[in-house]
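Welcome! Please take a moment to look over the sequence and the 3D structure below before reading on.

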Amino acid sequence: MTPFFDIDEKIRSAAAAAMKKAEKQFAAIEEVTEYNQQKVISAFIRHGVSESHFTGTTGYGYGDRGRDTLDKIWADVFGAEDALVRHNFTCGTHTLATALFGVLRPGDKMLAVTGTPYDTIHSVIGISGSGMGSLKDFGISYSEVPLANGRPDYEAIEKAVDGSVTMVYIQRSRGYELRPSLLIEDIKRIAEISKRKNPSVIVMVDNCYGEFVERLEPCDVGADIAAGSLIKNAGGGMARTGGYICGRKELVEKCAYRLTTPGLGKEVGCTLGMNRELYMGLFYAPHTVGEALKGAVFSSALFSNFGFDTTPAYDAPRGDIVQSLGLGNEERLVAFCQGVQSGSPIDSFVLPEPWDMPGYDSKVVMAAGAFTMGSSIELSADAPIREPYYAWMQGGLTFHSAKLCAMLAAQKMLEEGLLEI
């Protein structure tokens with residue numbers, strides 16, 4: 001270790017032990033990273049990417065070669081027929097909402113089969129709020145299949161999917177839940193059950209936090225449409241904004257009509273010089289996701305050494321980059337996030353405090369010292385101030401920076417008398 005940070009020797013020793021425990025998991029992550037990196041590079045080569053694809057357009061954006069080629073590359077990499085990759089998706093929730101409103105029509109029925117979706121999508125569906133233009137306001141009905149002990153209830157899903165269901169909605173990541181994230185094999189099984197019960201049903205996957213964690217993506221195993229944010233995994237830490245939708249060609253086209261206007265769809269939308277970083281983001285994404293996964297595994301191993309509950313366990317299968325740490329009370333949550341913030345390259349001097357964050361039903365404390373505001377592929381740690389007092393940690397552009405922040409979080413807790421070693 002270097003002399004740049006004052007970290008207690010007991011924490012350094014625990015970190016060394018965590019590194020030793022994680023060796024097997026790190027090797028497995030490297031194998032997946034290499035596979036996905038080659039998959040991305042081969043797609044770039046097949047589509048003949050050159051400097052000319054990075055030239056920006058203005059106005060209507062007709063004939064933007066870079067934009068159109070990136071859509072094709074994205075579709076290839078994500079096992080889809082077509083894709084819509086745009087910098088003007090404002091966030092993951094906006095991207096998901098565009099897909100939902102693009103595909104569903106009044107009288108349709110949406111069935112969430114992984115329990116209640118993430119907090120920020122509630123107002124899109126109409127679970128909370130009214131009169132804001134939700135799916136419910138447009139006459140689209142909603143129901144859900146609860147999880148069974150944190151896992152998809154396949155028997156209940158089979159009973160729930162019938163001819164009245166238009167869309168089966170899958171959330172791959174855990175959100176602010178302690179359930180395991182879904183593996184590709186889980187998504188495949190849900191898609192198979194759904195298609196068997198209703199061959200015309202649309203299987204949609206919220207793929208946020210899950211891209212490049214495994215060798216395959218949702219559309220490779222039967223999903224009709226998948227969507228996510230470019231300031232999470234898929235943007236590789238290079239994209240400053242944006243999102244993507246990929247899947248069956250006719251569904252992607254409907255989503256494009258929703259994003260722009262019916263009749264124009266993907267034909268318009270200037271790129272304003274954003275193409276280069278979107279291409280670079282996709283190129284970097286497999287490696288960056290691998291670094292984030294190693295950071296999550298290390299953090300799990302380290303804090304389990306301190307006696308805290310960690311989910312997933314350091315050696316458990318992973319379907320996303322999110323690591324949950326059961327810290328037991330508000331004081332530890334806040335100290336943990338403050339420690340992470342202290343090791344961030346941006347705003348290290350800021351002291352995170354709980355606040356009423358828009359879209360959430362309880363106060364949230366968040367550490368997020370990122371080059372891109374709100375970027376979840378850059379290391380962040382956040383927690384709703386509510387029982388059972390878990391922190392959710394994700395991201396890390398480099399493993400060593402994520403490792404440092406985890407150690408500084410432990411150091412802050414130790415200094416506040418909240419950690420016994």
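What follows is a short tour of strands, cysteines and a surface patch.

This is a predicted model, in which local features need pLDDT of at least 70, side-chain atom pairs count only at pLDDT 80 or more, and totals for chains, interfaces and linings use all residues. Residues are numbered from 1 along each chain as its sequence is written, and side-chain values use heavy atoms, with hydrogens and water left out.

**Paired strands**

Helices (H or I, at least four residues) and strands (E, at least two) are DSSP runs numbered from the N terminus, and two strands pair if DSSP finds at least two bridges between them. The table lists some of these pairs.

| Strand pair | Sense | Bridges |
|---|---|---|
| β2 (109-112) and β3 (141-144) | parallel | four |
| β2 and β4 (167-171) | parallel | three |
| β9 (323-326) and β12 | antiparallel | four |
| β11 (380-384) and β12 | antiparallel | three |

Now turn to β12, where Met393 is the bridge partner of Gln323 and Gln394 is that of Ser380. Five residues lie between β11 and β12 in their hairpin, and Tyr389 in the turn has a positive phi of about 65°.

Is β12 enclosed or open? Strand β12 (residues 390-394) is largely enclosed by the rest of the structure, because five of its five residues are buried. Here buried means under 20% relative accessible area, exposed means over 50%, and partly exposed lies in between (1.4 Å probe, protein chains only). Tyr390, Trp392 and Gln394 cover one side, and Ala391 and Met393 the other.

**Cysteines**

A disulfide is a covalent bond between the sulfur atoms of two cysteines; the cut-off used here is a pair of sulfur atoms within 2.5 Å. The whole structure has zero disulfides. Cys270 has its closest cysteine sulfur in Cys91, 20 Å away, so the two are too far apart for a bond. Cys337 is in no disulfide either, with the nearest cysteine sulfur, that of Cys405, 11 Å away. Cys270 is buried at 17% relative accessibility, and Cys337 is buried at 0%.

**A nonpolar patch**

Which residues form the nonpolar patch on the surface? They are Ile41, Ile45, Met280, Phe283 and Tyr284, with about 430 Å² of accessible area together. Helices α2 (23-46) and α9 (275-305) each give two or more residues to this patch, and α9 gives the most, with three. Phe283 sits in α9 and is partly exposed at 35% relative accessibility.

Patch members have over 30% relative accessible area and no salt bridge, and nonpolar side chains (Val, Leu, Ile, Met, Phe, Trp, Tyr) are joined within 5 Å, like charges within 9 Å. A salt bridge is a side-chain nitrogen of Lys or Arg within 4 Å of a carboxyl oxygen of Asp or Glu. Accessible areas come from the Shrake-Rupley method with a 1.4 Å probe, and for residues only the protein chains shown count as cover.
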